[in-house]
Amino acid sequence: MSANLLSRFLRYVQIDTQSNESSDTFPSTPGQSVLLELLRQELSELGAADVQMTKHGYVTARIPANTRKTRVPTVAFFAHVDTAPDCSGKGVKPIVHRKYDGRVLTFPDNPTLTLDPATSPELRTAVGKDIVTASGTTLLGSDDKSGVAVIMTLVERLLHETKRKHGEIRICFNPDEEIGRGMDKLDLRMLGADVAYTLDGGAPGEICWETFSGDAAEVIIEGITTHTMEARAKGMVNAAYLAGKLLAALPRERCAPETTEGRDGFIHPIEMEGRTERAIVKFILRDFELKGLAEKGNMLQGLCRGLQASEPRARIRCKIRKQYRNMAYWLRKDMRPVELAREAFLAAGLKPYDHVARGGTDGSRLTELGLPTPNLFCGEYNPHGPLEWTAVQDMESAVIACDHLGGLWERKG
Ligand SMILES: [Zn+2]
């Protein structure tokens with residue numbers, strides 16, 4: 001299994017699939033369609049049923065049930081093909097370090113960069129494994145091509161290797177997760193799944209069924225512009241200055257991503273542009289609980305009202321829009337998807353552990369839309385940067401765990 005798994009992974013990471021938030025096409029970049037088309041072909045060659053690519057680029061397939069039992073829930077496995085806009089994914093040169101010996105790794109294309117177990121402690125768990133890094137100037141793309149390679153290898157295993165009984169299984173590869181659009185154009189009825197898992201996580205045993213809830217806010221400040229020579233006489237109101245005042249008023253010490261951890265939420269300015277006439281500041285608001293999220297929205301609106309009161313000639317608006325919700329609100333009502341995943345990990349010889357994600361996943365959206373979708377490990381480490389790496393044996397563990405998971409839904413679902 002490991003040779004096919006590794007060669008798949010190496011093939012996928014060499015295709016540049018970086019997504020782009022400022023694009024309005026779907027998928028946002030053409031490279032994603034190249035990989036999606038390749039996956040469509042490979043799924044057909046493996047013998048999967050009903051292999052399709054929708055006009056928005058989603059590649060879906062079906063593994064028919066091999067059980068005579070009826071009413072077995074249909075399980076779907078998801079992975080996203082895009083890589084993060086934060087770091088280049090062009091010309092990725094993957095390097096395989098066979099039987100990693102625990103040393104500090106260097107990168108041929110960037111001599112100042114090192115991957116060190118002292119600062120990346122998860123490397124210590126990888127001693128003896130075959131690990132893969134990039135060459136120093138790009139990310140690797142293990143997020144989420146590890147998930148893609150795991151699912152493709154699972155398809156091969158289910159169709160040609162294991163004899164384990166399972167119900168209907170659905171596969172879905174999607175674009176644009178990293179820019180928050182991954183589920184925007186998916187027809188869930190067409191997919192027809194009862195429960196799903198995204199393969200987009202870290203170390204073996206990790207399961208994530210709790211994520212942030214997220215809102216986005218936009219503050220628009222309109223000032224009054226005049227020539228500076230008569231600014232005082234004509235009553236200039238500088239919107240850029242007011243935007244600075246708003247940022248300075250935020251309680252940054254207890255409410256920013258760089259000053260919080262664990263279960264604390266935050267208000268985070270992600271983008272601003274400002275001139276005298278008009279300034280716009282965009283924020284993301286995050287909290288695990290809806291109450292905390294609402295408090296953060298209220299706080300921002302309160303600061304805007306205060307700013308407005310301090311300068312009545314300006315016009316200040318604060319618009320808040322919903323992004324995604326903590327999947328735990330739905331999963332707590334029926335924990336079977338989580339419990340069976342834990343059981344599958346144990347059956348695969350792994351120790352399950354919960355990971356609470358300070359972020360959202362495609363599964364946050366899917367779960368809210370009625371398809372419960374926890375996230376499972378697939379061997380992603382240091383994502384979104386040049387120090388990203390993965391271990392072949394960790395991806396293999398994910399394949400084995402998902403094979404068990406299909407069997408458990410057949411027996412117990
Ligand atoms: Zn991901």
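Biologist: What does the domain assignment of the chain give?

Modeller: The assignment, whose bounds come from an automatic or database source, gives domain 1 as 2-211 + 326-412 and domain 2 as 213-324. This is a predicted model, in which local features need pLDDT of at least 70 and side-chain atom pairs count only at pLDDT 80 or more, while totals for chains, interfaces and linings use all residues. Residues are numbered from 1 along each chain as its sequence is written, and side-chain values use heavy atoms, with hydrogens and water left out.

Biologist: How many residues of domain 1 are in contact with domain 2?

Modeller: With contact meaning heavy atoms within 4.5 Å, 12 residues of domain 1 touch 14 residues of domain 2.

Biologist: What area do domain 1 and domain 2 bury between them?

Modeller: Buried area is the accessible area (1.4 Å probe) that two parts lose on being put together, summed over both; for domain 1 and domain 2 that comes to about 1,000 Å², 44% of it on carbon and sulfur atoms. On the domain 1 side, Asn326, Tyr329 and Arg358 lose the most area to domain 2, together 52% of what that side buries.

Biologist: Why is α3 called oblique to α12?

Modeller: The axes of helix α3 (residues 142-160) and helix α12 (residues 392-412) come within 9 Å and cross at roughly 50°. Angles under 35 degrees count as roughly parallel, over 145 as roughly antiparallel, 65 to 115 as roughly perpendicular and the rest as oblique, and therefore α3 is oblique to α12.

Biologist: Which residues of α3 and α12 make the contact?

Modeller: Among them are Ser146, Val150 and Arg157 of α3, and Met395, Cys402 and Asp403 of α12.

Conventions: Axes fitted to C-alpha atoms, helices over the stretch in contact; angles between N-to-C directions. Helix = DSSP H or I, 4+ residues; strand = E, 2+ residues; numbered from the N terminus.
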